[in-house]
Each structure stands twice: as C-alpha cells, then as structure tokens.
Amino acid sequence: MKVASLNDYQRESRKTWQLVHTDHPITYPTLGLVNEAGELAGKVKKIFRDKSGQISPEDREALKGELGDVLWYLAQIATELDLTLEEVAIANLEKLFSRLERGKIQGEGDYR
C-alpha cells in the first residue's frame, strides 16, 4: 500500500479506529501510544543488551512494526484533537529550528 503524505496515512488509518469508551476520546489512544513506545524501547534495549547494538534485518523489521503502531496511535490522537499529522510535523520542525537558531537544542524545558 502506498501513502502519499502523512495526512493520507492519517485519513486511511482512521478506517481501523474503534472508540473505546473512556472519560475522553484521547485517553485510550494516549495509553496505546505509551504502550507501543514502551514496546519499541524494549526491543531497542534487547538489541543493545543481547546483540551489542547490532541491528539485524529482522530487528529492523520488528522496529518498523513498532514504529508503525506508534504512528497509528499518534494519528488517532491528532484526529481527535482536530489536527493533521502535517500540522504536528510542521509545528515540531518550527520549534526545533527555533531552538537550533537560538542555541537551545540541548537543555531542559518545553519553552527553552
């Protein structure tokens, strides 16, 4: 399957969405995002622990699958917030390049 843009992905991924009743529509996908990010982190940890950081083709495919799951949950949260993934990506790049220009890439805090 081909995807021309993040917005296309977002629209297509929504076809697989089923609302799980919680107190707010972003609760379930936010918990899913954290869970999938944890699964990704666990796979990376084991690559360093068990394989001295050497990523095999099989590891790469497994990580790609986990990244896809992270992307799916991110797309659902963005959709619930009436944001496109393109808007999120642009805002993130603007923030990062502002920090770069001001010499604030390193450090702590959202508003550095």
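These exercises walk through helices, backbone angles and salt bridges in a predicted model. Local features need pLDDT of at least 70 and side-chain atom pairs count only at pLDDT 80 or more, while totals for chains, interfaces and linings use all residues. Residues are numbered from 1 along each chain as its sequence is written, and side-chain values use heavy atoms, with hydrogens and water left out.

**Exercise 1.** Find the span of helix α4 and compare it with the expected span.

Solution. Helices are DSSP runs of H or I, at least four residues, numbered from the N terminus. Helix α4 covers residues 85–101, which is 17 residues. The expected span is 1.5 Å times one less than the number of residues. That gives 24 Å, and α4 reaches 24 Å from its first C-alpha to its last. Gly103 follows α4, with a positive phi near 70°.

**Exercise 2.** Where does Ser52 lie, and is Ser52 buried or exposed?

Solution. Most residues other than glycine have a negative phi. Ser52 has a positive phi of about 50°. Ser52 sits in the loop between α2 (27–51) and α3 (57–80). Buried means under 20% relative accessible area, exposed over 50%, partly exposed in between (1.4 Å probe, protein chains only). At 63%, Ser52 is exposed.

**Exercise 3.** Locate the salt bridge of Asp8.

Solution. A salt bridge is a side-chain nitrogen of Lys or Arg within 4 Å of a carboxyl oxygen of Asp or Glu. The whole structure has 8 salt bridges. Asp8 pairs with Arg11, the closest N and O atoms being 2.6 Å apart. Both lie in helix α1 (residues 6–13), 3 residues apart, so about one helical turn separates them. Asp8 is partly exposed, at 22%.

Notes: Helices (H or I, at least four residues) and strands (E, at least two) are DSSP runs, numbered from the N terminus.
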